[in-house]
Amino acid sequence: MMGSLLRGATATALVALLPLAAAAQTEEDTFALLTEIDALAAMFQTYTQYPWLEEGEDASFVYGDAKGIVHHYVSERGRLREKWKSFPLEGLAKEVFAEDLDGDGRPEIIAYTRNSRIYIWGTEKYELLWESVEISERIQVIQAMVVADADRDPQLELVVCADNKIQYIDGVDYYIEKAGRDFVEPTMMLVADVDNDLEAEIITSDGYVIDTNTLNIEWANDGFGYPITLFDLDNDGVLEVVGESQGALTFWDVEDRREIW
């Protein structure tokens, strides 16, 4: 059964976890397994750590396979087992998340597909909470998505770039809260305060820094690269944007609006 599951972009990631899961007998082993899961999640957008463990579970992760199915795996006392899998989605998963959307303390599993369909599952009974049928009928392409508290309310939002416009989808009632007007074309987005104004910004891989209140562009360059991440390079308490461009890392200080390296 495992052989049929280990296909697609995340096959290498799962194979890498097998010996670590089998060896996870001590706290040090479990820490190594969790570190490996975090590292692999940074490499593969269809793979993420699941931040909730039941009794007896050492580590947990979610991934989307090459058949359009989302899987939830756990490591229990050195054994890796499949805890749940979805029905085949409307297209292959483009990215998966495990985030507590409604603030009840337990994460939901979120996935969106190459066919621009979004799915959200609860993880107590693994029921399908929402499928974006109506929204998907109005959009052609989802370029990127991130889950974050973009509007400072108690719940998280789905921050979606759909048809090249940023939109917020409410993480509880699943309606479009807000939509921007500016054209962007990211393959990846992040949400964080990167200019030290105590307000989060949306950072897009194609070089835009967008105000989370107005969805207006605050600053733009020719592109941060892909993939992108955040790191406090100079230890001043303000995150820099790190991207890969033509095989080299680039570091951007958004507060001073300049490329550092």
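Contact here means heavy atoms within 4.5 Å. By that rule Asp-206 touches Val-184, Glu-185, Pro-186, Asn-221, Asp-222, Gly-223 and Phe-224, leaving out residues up to four places away in sequence. The model is predicted: local features need pLDDT of at least 70, side-chain atom pairs count only at pLDDT 80 or more, and totals for chains, interfaces and linings use all residues. Residues are numbered from 1 along each chain as its sequence is written, and side-chain values use heavy atoms, without hydrogens and water.

**Around Asp-206**

- Asp-206 is buried (under 20% relative accessible area; exposed is over 50%, partly exposed in between; 1.4 Å probe, protein chains only).
- Asp-206 has no salt bridge (a side-chain nitrogen of Lys or Arg within 4 Å of a carboxyl oxygen of Asp or Glu).
- The nearest side chain of opposite charge, Lys-94, is 12 Å away; Lys and Arg count as positive, Asp and Glu as negative, and His and the chain ends are not counted.
- A polar atom of the Asp-206 side chain lies 2.7 Å from the backbone nitrogen of Glu-185.

**Backbone features**

- Most residues other than glycine have a negative phi, and most peptide bonds are trans.
- The peptide bond from Tyr-226 to Pro-227 is cis, with omega near -5 degrees.
- Asn-196 is not a glycine, yet has a positive phi of about 65 degrees. Asn-196 is partly exposed, at 43% relative accessibility.
- Arg-257, also not a glycine, has a positive phi of about 55 degrees. Arg-257 is partly exposed, with a relative accessible area of 45%.

**Whole protein**

- Of the 261 residues, 49% count as buried.

Methods: A polar contact is a pair of N or O atoms within 3.5 Å; within protein, one must be able to donate a hydrogen and the other to accept it, and residues adjacent in sequence count only if both atoms are side-chain atoms.
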